[in-house]
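Let me put the sequence and the model up, and then I'll walk you through the helix packing.

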Amino acid sequence: MVALTSQEIAAFERMLANGDRIGFYQTYYAMTGNNQALVQSKIASFSEYVGGVAFAANRILQDIYGATGTVETRVYKGVYYLSQKVAQAALTKIKGDAGDLGSGTGEIGNDVSSETARDAWRNEGLESLSRATLSVLFQGRAQT
């Protein structure tokens with residue numbers, strides 16, 4: 001892997017500043033081959049099976065815990081808000097690996113990349129909701 005340049009990292013920052021999570025993930029995937037970035041692009045765009053499941057899960061969270069839900073309103077701030085936080089957490093790890101003076105490569109492994117999603121949920125105080133959503137989805141699937 002060739003180290004990411006400061007210009008490339010700045011381009012990632014601009015993408016996220018403009019809300020272009022999909023472009024960020026797909027560009028990072030094209031540059032590094034990080035499969036988790038490809039998965040996250042599908043989740044962020046609600047594409048394919050994994051994106052559809054993510055949309056359904058987030059819709060459940062919004063209905064139950066969101067601004068119009070019945071349980072502790074405004075705990076879950078919405079899919080786009082959280083999706084942006086997940087992408088920002090990934091970029092933070094990428095920048096951390098690249099180092100201030102280009103001492104690293106900026107390439108994070110698939111396991112680190114998936115950890116950033118958990119970190120974002122945890123930082124928002126929603127870690128238990130992410131596990132609960134999967135449970136709800138699988139229970140509903142088993143009942144049908």
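When I say contact, I mean heavy atoms within 4.5 Å. With that in hand: among contacts in the protein chain between residues at least 6 apart in sequence, 54% join residues at least 24 apart.

Quick housekeeping. This is a predicted model, so local features need pLDDT of at least 70 and side-chain atom pairs count only at pLDDT 80 or more, while totals for chains, interfaces and linings use all residues. Residues are numbered from 1 along each chain as its sequence is written, and side-chain values use heavy atoms, with hydrogens and water left out.

So, the overall picture. The protein chain has 7 helices and 0 strands, and from the N terminus on the order reads α-α-α-α-α-α-α. Helices here are DSSP runs of H or I with at least four residues, strands are E runs of at least two, and both are numbered from the N terminus. Of the 144 residues, 34% count as buried; buried is under 20% relative accessible area, exposed is over 50%, and partly exposed is in between, with a 1.4 Å probe and protein chains only. The chain exposes about 8200 Å², and carbon and sulfur atoms supply 53% of that. Those areas are Shrake-Rupley with a 1.4 Å probe, and for residues only the protein chains shown count as cover.

Now the pairs. Helix H1, residues 6-17, packs on helix H2, residues 21-32, at an angle of about 155°, with the axes 7 Å apart. That makes H1 roughly antiparallel to H2. On the conventions: axes are lines fitted to C-alpha atoms, for helices over the stretch in contact, and angles run from 0 to 180 degrees between N-to-C directions. Under 35 degrees is roughly parallel, over 145 roughly antiparallel, 65 to 115 roughly perpendicular, and the rest oblique.

The H1 and H2 crossing is left-handed, as in the near helix being turned anticlockwise from the far one by less than a right angle; clockwise would be right-handed. On the H1 side the contact uses Glu8, Phe12, Met15 and Leu16, and H2 brings residues including Phe24, Tyr28 and Met31. By class, that contact has 6 nonpolar, 2 polar and 2 charged residues. Nonpolar covers Ala, Val, Leu, Ile, Met, Phe, Trp, Tyr, Cys and Pro; charged is Asp, Glu, Lys and Arg; the others, Gly among them, are polar.

Next, H2 against helix H3, residues 35-45: the axes come within 8 Å and cross at roughly 160°, so H2 and H3 are roughly antiparallel to each other. H2 passes H3 in a left-handed crossing. The contact includes Tyr25, Tyr28 and Tyr29 of H2, with Leu38 and Ala44 among the H3 residues. By class it has 7 nonpolar, 5 polar and 1 charged residues.

And what about H1 and H5? Their axes come within 11 Å and cross at roughly 170°, which makes H1 roughly antiparallel to H5. Ile9, Phe12, Glu13 and Leu16 in H1 meet an H5 set that includes Gln84, Leu91 and Lys95.

Leaving aside neighbours within four places in sequence, glutamine 84 is in contact with Leu16, Gly19 and Arg21.
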